[in-house]
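Please keep the viewer open as you read.

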Amino acid sequence: MSRHRRLHLAPPFLLDDYTPRYQLLSSQSAARKRSEAYAHLQNCNLCPRRCGVNRFETRGYCLIGSSVSTSTVAPHFGEEPFFQGHNGSGSVFFSGCSLRCSFCQNHDISHTRNGFDLTPEELAEWFLKLQDVGQVHNINLVTPEHVVPQCVLAILHARELGLRLPIIYNTSSYDSLESIALMDGLVDIYLPDFKSFRAGTSKRLLKAEDYPEVAKESILAMHKQVGDLCFTGDGIAKSGVCVRHLVMPGKEDEGKMIVEWLAENVSKDLFVNIMEQYRPAAHVGKAKRARPEGTQASADPSGHGVRYSEINRPITGDEVEFVRSAARAAGLWRFVDDMGGHGGFNI
Ligand code: SF4
C-alpha cells in the first residue's frame with residue numbers, strides 16, 4: 001500500500017470547513033419533514049416491524065410511544081477517536097429497540113423502557129446543553145431506528161435554538177428506506193452496524209430474518225446521501241458513512257461476506273471499523289428455559305445446556321485477523337485500527 005493510501009485525512013477526504021446539513025435545509029423542507037414525522041407517529045410503519053400503531057395512544061414492538069426514553073445523555077469517550085475527539089461525542093442512548101439481539105451488549109437499555117422520557121423539544125434542549133456545556137464535537141443518536149420522527153422534530157427545534165454540531169445517526173441498520181429518506185438533510189454522519197449476512201443467523205441471533213437484506217438497502221441509501229467519511233483538519237469526522245462490524249465467535253465467514261459485499265457494492269473508500277470487543281451478554285450462556293411438556297427445544301448447534309452456546313465464548317485473534325485480511329483483500333483500506341497511535345488526530 002502506498003504512503004498516500006494510508007493518509008486518511010488527505011484530499012479528497014479533507015474538508016476546509018463544514019456546515020451541518022440541517023443548517024442548509026429550506027424552511028419549506030423543514031415544514032414538510034415536521035408534518036411527515038407527526039404522520040408517521042400516528043401510523044407507525046417506520047421500521048421493518050411495521051406495527052401500524054398510533055404511538056400517541058399505544059406502543060409497538062420497540063416499546064416506545066410518542067416521547068423518547070433515554071438512559072444516558074452525556075459526552076461519551078467509547079466511540080471511534082475521530083468522533084469522540086478531546087471533548088467526547090455528545091451521545092444520547094435511547095431505550096427500546098426494534099431488534100432483539102440475543103447477545104446485545106446494551107440489553108438492559110435496549111430490551112426495556114428503562115430511562116427518562118423526553119419530548120422532542122426537551123431532547124433538543126439536551127442537544128444544546130451537550131454543545132454549550134459539554135463542548136462535544138457532535139450529537140450522536142445511539143439506536144435511533146425506532147425514534148426517527150422524534151429525532152426529526154428534535155433536530156429541527158434544536159437548529160432554531162442555535163445547534164451548530166454535526167449529527168451522527170448510530171444505527172443497527174434495521175431501518176426502513178422511509179426512515180433514511182426522512183433523515184436526509186438532517187444527518188451528517190451515518191454510523192451503521194452490519195451484524196450478520198445470513199438470514200438463518202439473523203433469525204436466530206437478531207430475531208429478524210430479513211436483517212441482511214434490510215441492512216444492505218439501508219447502507220446503500222445512507223452512502224448515497226453523504227458518501228465516504230470526510231474530516232476537517234483537526235481530525236474530527238464531519239460527514240459520510242462509517243460501517244461497524246462486530247466479529248462474532250465462529251461467524252468469521254459472515255464477516256468476510258460482509259466486508260466483500262461492502263467493497264463490491266458501496267465503496268472501496270468506505271471507512272470500516274472491524275470490532276473485536278464481543279463478549280457473551282444478554283441471553284447468551286444463560287440456563288435454558290423449561291419448555292412446556294410435549295414441545296421440543298429449538299435446535300442448538302452445539303447441543304450444550306445453555307442458551308446460544310455457539311456464541312458463548314470470546315472471539316479469538318485468528319477470527320479477527322481473518323475478517324481484517326478479507327477486508328484488505330477485497331480492496332478496503334480505511335480502517336479504524338490502522339490509524340496509528342495519534343488516533344487520526346492532527347495533534
Ligand atoms: S418504530 Fe416501533 S412502533 Fe414503529 S414500526 Fe418499528 S417497532 Fe413498530
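## Ground rules

Two strands count as paired if DSSP finds at least two bridges between them. The strands themselves (E, at least two residues), like the helices (H or I, at least four), are DSSP runs numbered from the N terminus.

What you see is a predicted model, in which local features need pLDDT of at least 70, side-chain atom pairs count only at pLDDT 80 or more, and totals for chains, interfaces and linings use all residues. Residues are numbered from 1 along each chain as its sequence is written.

## Strands around β2 and β3

Let us begin with β2, which covers residues 68-76. This strand pairs with β4 (residues 116-118) in the antiparallel sense, over 3 bridges. In that pairing, Thr 70 has Phe 116 of β4 as its bridge partner. β2 also pairs with β3, again in the antiparallel sense, over 6 bridges. Here Thr 72 is opposite Phe 93 of β3, and His 76 is opposite Ser 89.

β3 has another partner: 4 bridges join it to β5 (residues 139-142), and these two strands run parallel. Gly 90 finds its bridge partner in Ile 139 of β5. How many residues of β3 are buried? In this strand (residues 89-94), 6 of 6 are buried, where buried means that 20 or more other C-beta atoms lie within 10 Å of the residue's own, exposed means 12 or fewer, partly exposed is in between, and C-beta atoms are placed from the backbone. Ser 89, Ser 91 and Phe 93 point one way from the strand, while Gly 90, Val 92 and Phe 94 point the other way.

## The annotated domain and its cysteines

The UniProt record, an unreviewed entry, places "domain: Radical SAM core" at residues 92-260. UniProt positions are given in the numbering used here, feature names are shortened, and annotations may be inferred rather than shown by experiment. Over this range the chain is 42% helix and 19% strand, with end C-alpha atoms 32 Å apart.

Why does Cys 101 count as buried? Because 27 other C-beta atoms lie within 10 Å of Cys 101. Cys 104 is also buried, because it has 21 C-beta neighbours inside 10 Å.

Their contacts (C-beta atoms, placed from the backbone, within 7 Å) are worth a look. Not counting residues up to four places away in sequence, Cys 101 touches Leu 205 and Leu 206. With that exclusion, Cys 104 touches Ser 110, His 111, Ala 281 and Ala 282.

## Around the ligand

Which residues are closest to the ligand? They are Cys 44, Cys 47, Cys 51, Gly 60 and Cys 62, from a shell of 14 residues whose C-beta atoms, placed from the backbone, lie within 6 Å of it. By class the shell holds 7 nonpolar, 4 polar and 3 charged residues. Nonpolar here means Ala, Val, Leu, Ile, Met, Phe, Trp, Tyr, Cys and Pro, charged means Asp, Glu, Lys and Arg, and the others, Gly among them, are polar.

Gly 65 lies in the loop between α2 (27-42) and β2. This glycine counts as buried because it has 22 C-beta neighbours inside 10 Å. Leaving aside neighbours within four places in sequence, Gly 65 contacts Arg 55 and Arg 59.

## The nonpolar core

A nonpolar core is a set of buried Ala, Val, Leu, Ile, Met, Phe, Trp, Tyr and Cys residues joined through C-beta atoms within 7 Å. The largest one has 92 residues, and those with the most contacts inside it are Val 152, Ile 155, Ile 167, Val 259, Leu 262 and Val 272. Helix α6 (residues 148-161) gives the most to this core, with 8 residues. Beyond its neighbours within four places in sequence, Ile 155 contacts Tyr 22, Ile 167 and Leu 186.

## Ile 274 in β10

Ile 274 belongs to β10 (residues 271-275) and is buried because 22 C-beta neighbours lie inside 10 Å. Ile 274 and Val 336 are 62 residues apart in sequence, yet 7.7 Å apart in space, C-alpha to C-alpha. Leaving aside neighbours within four places, the contacts of Ile 274 include His 245, Val 247, Phe 335 and Asp 337.

Conventions:
Contact = placed C-beta atoms within 7 Å.
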